[in-house]
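These entries record what I looked up in one structure. I began with its ring pairs and then turned to the whole chain.

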Amino acid sequence: MHNDCCADIKPPKRGKFMANVNTYTKKERNMYLAGMFGQNMIYNIIATGLIGFYLQYVIYIPVIAIGWIVAVARVWDAINDPMMGTIVDKTKSKWGKCRPYLIIFPAIIGVITILTFVNGNYAEATTSAGKVIIVAWAAVSYVLWGMLYTVGDIPLWGLTSLMTEDENDRSKLLGYARMAAGIGGIGVLVVQVAQAASGIFAGRGMEQNKANQYGFILTVIVLTVISTILFELAGVGTKERVKMSEERRTMKDNFKIMWQCKPFRQLLISGILRSPIQLLMLIAISFVTYYFANGDFMNLFTESGIDIRMLINIGIIAIGIFAGQFISMGITPVLVKKFENKTLYNFYSIGGAVPFFLLYVIYKIAGGDITPVGWVAVSGVALFFASAAMGGINVMQSVMIADCVDYEEYRTGIRPDGVFFSGQSFITKLSGGIAALIQSFAYGAVGFSDKNVEIMNGALANGESFITYNGGKYASVMFMLISVPPAIGMLLSAIPTIKYALSDKEHSKILGVLVKRHSGSEK
């Protein structure tokens, strides 16, 4: 498509609401954001609670098995996501094409989320047969969860381009959605809450490993029920306002559309190259738990009260990891009005590589121990800017994919909301799979897996320090994984979008044409 494709159309001013444009109400916006929050709580319960902690540190599944389970699930998602996108784009109902899935599937996803943790309660990991059963349950339940999550995820994001025709309102909604998704990261607290809950079962005389399992199951049930109710609100409390095209395409056609749309193709490749950034969130909770709380958040509480130094350290690191994302998600929709999308996207990519890399430099300069408050503060600042880049680029990715939907509708007359937002889901899931494989190979190289983790947990419970345990190898590999690979991934991700194919000016012209087309006033 040439840049003069609609040169005769005067573009609407950025940031101004265009007349005769359908858009969402405040109530619809809030219901949608509540659903986004609930859905992402569920995601983080699985991504952090199950994959990032429970399987490795509670039921001691070999880390290489975890890596391959996640990788295989993501490869299947490479097929499953566009399939679901095709199904969504073919859906016609009284509720629209996205809302039916958001009304029906949250409860089903919630049930499967709970079942993924019901592992290790029917077989002993000490026997070969028991290990096979436990790993098989983890694999099957996780793949099934991923398939069902896709059924809710693609329509949830696709709904943003159907709730409004206004460019500014959509950018704001996507920015708020990313913030709600980020706040849904509170689901990572499943680990801390579960460790506290395990004390209930241990207090009744239950063996510690089993108490840890039951603590997780109890916590997951409570958090998942709350999350599912909130997730449901996105379906029941919103309205699809953008008119759907009548033509429907096959999955083969949709794969062709995804690849032939140059700006979308650039975003897809960029997102895949950025995969290692997922290591930060994948490892974050286990990193904080082991490096700063020596394996158990209950170590915060001593006979003389709360360990203030440990609390401060954890607080600084937690603020660094999460606050940067939230703030960036909040200001990025404002920056979108002032700067070119491509410029912001590439700034986050290239600029974000610096604080990620500095994190490992700080660790090395500190001699492997950053627990003194000065080093914690410096590390917290590096994490803040690294996570800010991560949050900002996530918002920009959503905004630019929504623009690609408009681009494709202008070019072909069909809005591929489901298919294109399945690409976003695919990027997230494949990135998680690649990150899990990187983690599993790195951990496997230093023996940080299954039986060794169980032995380490016992040693830490008896007073040893994770920072120096096994010569500091485990701590070092954690630091390396959350810094060096993400830095490399961020730099690589800017390569496909240096010459991004859809400028803001061109998109504004396209949107002007589409608004007239939707209102029937196009001549």
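**Aromatic pairs and overall form**

The model is predicted, so I kept to its limits: local features need pLDDT of at least 70, side-chain atom pairs count only at pLDDT 80 or more, and totals for chains, interfaces and linings use all residues. Residues are numbered from 1 along each chain as its sequence is written, and side-chain values use heavy atoms, without hydrogens and water.

I searched the whole structure for aromatic pairs and found 28. Rings of Phe, Tyr and Trp (its six-membered ring) pair if their centres lie within 6.5 Å; planes under 30 degrees apart are stacked, over 60 edge-to-face, and the rest tilted. Y43 and Y149 form a tilted pair, 5.7 Å centre to centre with 40 degrees between the planes. This pair links helix α1 (residues 26-58), which holds Y43, to helix α5 (residues 128-158), which holds Y149, 106 residues apart.

I then examined Y142 and W145, a stacked pair at 6.2 Å and 15 degrees. Both are buried. They lie about one helical turn apart because three residues separate them in helix α5.

I checked the overall extent last. The C-alpha trace spans about 80 × 45 × 40 Å along its principal axes. Of the 523 residues, 59% count as buried.

Definitions and conventions:
Helix = DSSP H or I, 4+ residues; strand = E, 2+ residues; numbered from the N terminus. Buried < 20%, exposed > 50% of the residue type's maximum accessible area, 1.4 Å probe, protein only.
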